[in-house]
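Let's take a friendly walk through this model together. Have the sequence and the 3D view open as you read.

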Amino acid sequence: RLKSFGYTLVHLLIWLVFIELGLRVWGFSLIGFTEGEGHEVAVRVFGLAGTLIAAWLVWILSDTAVHHALTRSRKGLANARAQTMMPLIRNVLFVAIFIIAVIVALANMGMNVTPLLAGAGVIGLAIGFGAQSLVADLITGLFIIIEDSLAIDDYVDVGGHLGTVEGLTIRTVRLRDIDGIVHTIPFSEIKSIKNYSREFGYAIFRIAIPYNMSIDKAIGLVRDVGQKMRSDPLQRRNIWSPLEFQGVESFGSGS
């Protein structure tokens, strides 16, 4: 995209040179006009053009940075967080850059933008007070998605709700628990996230054995079963390390 930006600037420069040469054939020059009676107009036009070019460059850099940040996953592939948040962030960035560029351009054209800024501030305060919870949801969700704290199909514990993430919107996360119940939780209510789907997890087993079996024999049997599971073509990719034993935990009445 930066190459395309550079090519566009080069083409624009070539067209300006072509127009200047064409006008000189007719005895007129843009350079001479800008140095003479058209100096003030030229300054404003160049200021406007510079503002537009700078805004375009900032948009390209910002959009590229957001794209790389959101599409970077554990496997380097695009995931659901990019599909959910990319349109929102791109629209917010575009509107912000557009508004700033318009204000700067108007200031370069000699207009007084102070009343415009004051009016925008009043409108922003009114919207902020009227939609505090919505703004909190959007900001919290934005940081959760960018930090990749959870994604579609992750098994998580969020706000006391344990389940699989089925969907993410701009302000909520949707979970389905083990009973099949769907929970829709606003991002602003999320205080902590327990994610059971990142890299690896521990499977803890409590195995009851009869009193007449020795501990060493029981451990040997469990080790044999664990080794067979790690050798099984269907199971070995899910078991990363040998079984570990913590020893005898308690004596039950049914042991």
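## A loop residue to look at

Asp153 sits in the loop that links helix H6 (132-146) to strand S1. Please keep in mind that this is a predicted model. The phi angle of Asp153 is near 80°, a positive value in a residue other than glycine.

Is Asp153 buried or exposed? Asp153 counts as exposed because its relative accessibility is 60%, and the cut-off for that label is over 50%.

## From the loop into the strands

S1 and S2 make a hairpin, with 2 residues between them. Gly159 lies in this turn and has a positive phi of about 60°.

S2 also pairs with S3, residues 172-176, again in the antiparallel sense and over 4 bridges. Here Gly167 has Arg174 in S3 as its bridge partner. This second pairing is a hairpin as well, with 3 residues between S2 and S3. As you follow the strands, remember that side chains in a regular strand alternate between the two faces of the sheet.

## The whole chain

Now zoom out. How many helices and strands does the chain have? The secondary structure comes to 7 helices and 5 strands. Read along the sequence, their pattern is α-α-α-α-α-α-β-β-β-β-β-α.

Of the 255 residues in the chain, 22% are buried. The accessible surface comes to about 18,400 Å², and carbon and sulfur atoms account for 65% of that area. Looking at contacts between residues at least 6 apart in sequence, 48% join residues at least 24 apart.

Which residues does UniProt list under "transmembrane region"? The entry, which is unreviewed, gives residues 12-33, 45-70, 91-111 and 117-146.

One of these spans, residues 91-111, can be described from the model itself: this span is 86% helix and 0% strand. The C-alpha atoms at the ends of residues 91-111 lie 27 Å apart.

Technical notes: Residues numbered from 1 in each chain as written. Predicted model: local features only at pLDDT ≥ 70, side-chain atom pairs only at ≥ 80, totals over all residues. Heavy atoms only, no water. UniProt positions renumbered as here; feature names shortened; annotations may be inferred. Buried < 20%, exposed > 50% of the residue type's maximum accessible area, 1.4 Å probe, protein only. Contact = heavy atoms within 4.5 Å. Areas by Shrake-Rupley, 256 points an atom, 1.4 Å probe, with all protein chains shown as cover. Pairing = 2+ DSSP bridges.
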